[in-house]
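Please keep the sequence and the model in view while reading.

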Amino acid sequence: MAGRFAQRPTPTTARGGHVVVPAGVPRQGTVPGRRRSWTPPGPLDLGLVLGPLRRGPADPTFRTTPDGSVWRASLTPVGPGTLRVALRAGTAEAEAWGPGAEWLLEQLPEMLGASDDPGVFEPRHRLVALARHRRPGLRLMRWGLVLESLIPSVLEQKVTTDEAYRAWRLLVRKFGEPAPGPAPGRMHVMPAPRTWSLIPSWEWHRAGVDNKRASTILRAVRVAARLEQATAMEPAQAQARLELVSGIGPWTSAETVQRSHGAADSVTVGDLHLPGIVGYALAGDRNADDELMLSLLEPYAGQRHRAARLILLSGCVPPRRAPRMPRGDIGRL
């Protein structure tokens, strides 16, 4: 059915928010950039593939526009760059600006899941099979940048997503630089490692980031080059290298390599909600812990992260029975 009808606006569930990618022709920027086209080997849903990069609806590094384009501002190994991607007749049309434009275009296929093979996944539960059938365009991207995935993941440690998204937004807009090219308004590139290391303590406090998370980010940016080398490693080895930095544990390393490496088997353990969601969806147990979650996902060994994403996309979540976790703001103290 997927190829018989025109593409419609698709609300894409990403962790912590929704990404809406309408259909349409990419908007032509006022400043010409470098261009590249790539035809995926199968169905491709830009919102599903690139959605995990978005940290909240006001993420200054990520934007979707009414013409169907997905924009991303990144700090590449050769400098800042802005990438715009849109689907046109089944082909990904990309345009990039800035010193990092060539790097972004060269990485485009990997970013859109070229190295991922959804065909090897075999659903073992009806719910998972239905989710895959309804979302044929899901591919696991390999972004290829560790720090861009690591720092916002550290900000999400032990706080609500709203708090983490606010901190990321404030810090990137204040200390990052405007995205090159004709990017939508207020898009910024993530600060460079040295800039992160020079952020005053009171600015972390104003952004609502406690000393523990700020210190973890500062330790990470001091060894940024070594962490970026992990992109050439297997996901398990990359996680081990990340966890050598004090303050980075299995939860943070898994959240990072899922984005930077497209790690199909890296399960997020230690999450407040994921075990209950997986347990409820597959076994009717909303009180499942990490041990039970991993046991339920065992039939998907090698593809456990993909299975978890499909479960999240299925919408089968336990009904809420308690108030939301209260939002804090240490910047008011």
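## Helix packing and a buried loop residue

Helix α4 (residues 126–134) packs against α15 at an angle of about 80°, and their axes lie 9 Å apart. The two helices are therefore roughly perpendicular to each other, a term that covers angles of 65 to 115 degrees. From α4, the residues Leu127, Val128, Ala131 and Arg132 meet Leu310, Ile311 and Ser314 of α15, where contact means heavy atoms within 4.5 Å. By class, this contact of α4 with α15 has 5 nonpolar, 1 polar and 1 charged residues.

The model is a predicted one, in which local features need pLDDT of at least 70 and side-chain atom pairs count only at pLDDT 80 or more, whereas totals for chains, interfaces and linings use all residues. Residues are numbered from 1 along each chain as its sequence is written, and side-chain values use heavy atoms, with hydrogens and water left out.

A second pair is formed by helix α13 (residues 274–283) and helix α14 (residues 290–297), which pack at an angle of about 45° with their axes 9 Å apart. That angle makes α13 oblique to α14, and the crossing of the two is left-handed. In this contact, Leu274, Pro275, Val278, Gly279, Leu282 and Ala283 of α13 meet Asp290, Met293, Leu296 and Leu297 of α14. The residues of the contact of α13 with α14 divide into 8 nonpolar, 1 polar and 1 charged.

The geometry of both pairs is set out below.

| Helix pair | Angle between axes | Distance between axes |
|---|---|---|
| α4 and α15 | about 80° | 9 Å |
| α13 and α14 | about 45° | 9 Å |

Within α14, the residues Met293, Leu296 and Leu297 are buried, that is, under 20% relative accessible area with a 1.4 Å probe. They cover an arc of only 95° around the axis, which puts them on the same side of α14. Among the elements that cover the buried residues of α14 are α13 and α15 (304–314).

What lies in the loop between α14 and α15? Glutamine 303 is found there, and this residue is buried, with a relative accessible area of 13%. Leaving aside its neighbours within four places in sequence, glutamine 303 is in contact with Val120, Phe121, Ala264 and Asp265. The C-alpha atoms of glutamine 303 and aspartate 265 are separated by 4.6 Å, although the two residues are 38 residues apart along the chain.

How values were computed:
Axes fitted to C-alpha atoms, helices over the stretch in contact; angles between N-to-C directions. Helix = DSSP H or I, 4+ residues; strand = E, 2+ residues; numbered from the N terminus. Parallel < 35°, antiparallel > 145°, perpendicular 65-115°, else oblique. Left-handed = near helix turned anticlockwise from the far one by under 90°. Nonpolar A, V, L, I, M, F, W, Y, C, P; charged D, E, K, R; others polar. Buried < 20%, exposed > 50% of the residue type's maximum accessible area, 1.4 Å probe, protein only. Arc of directions from axis to C-beta.
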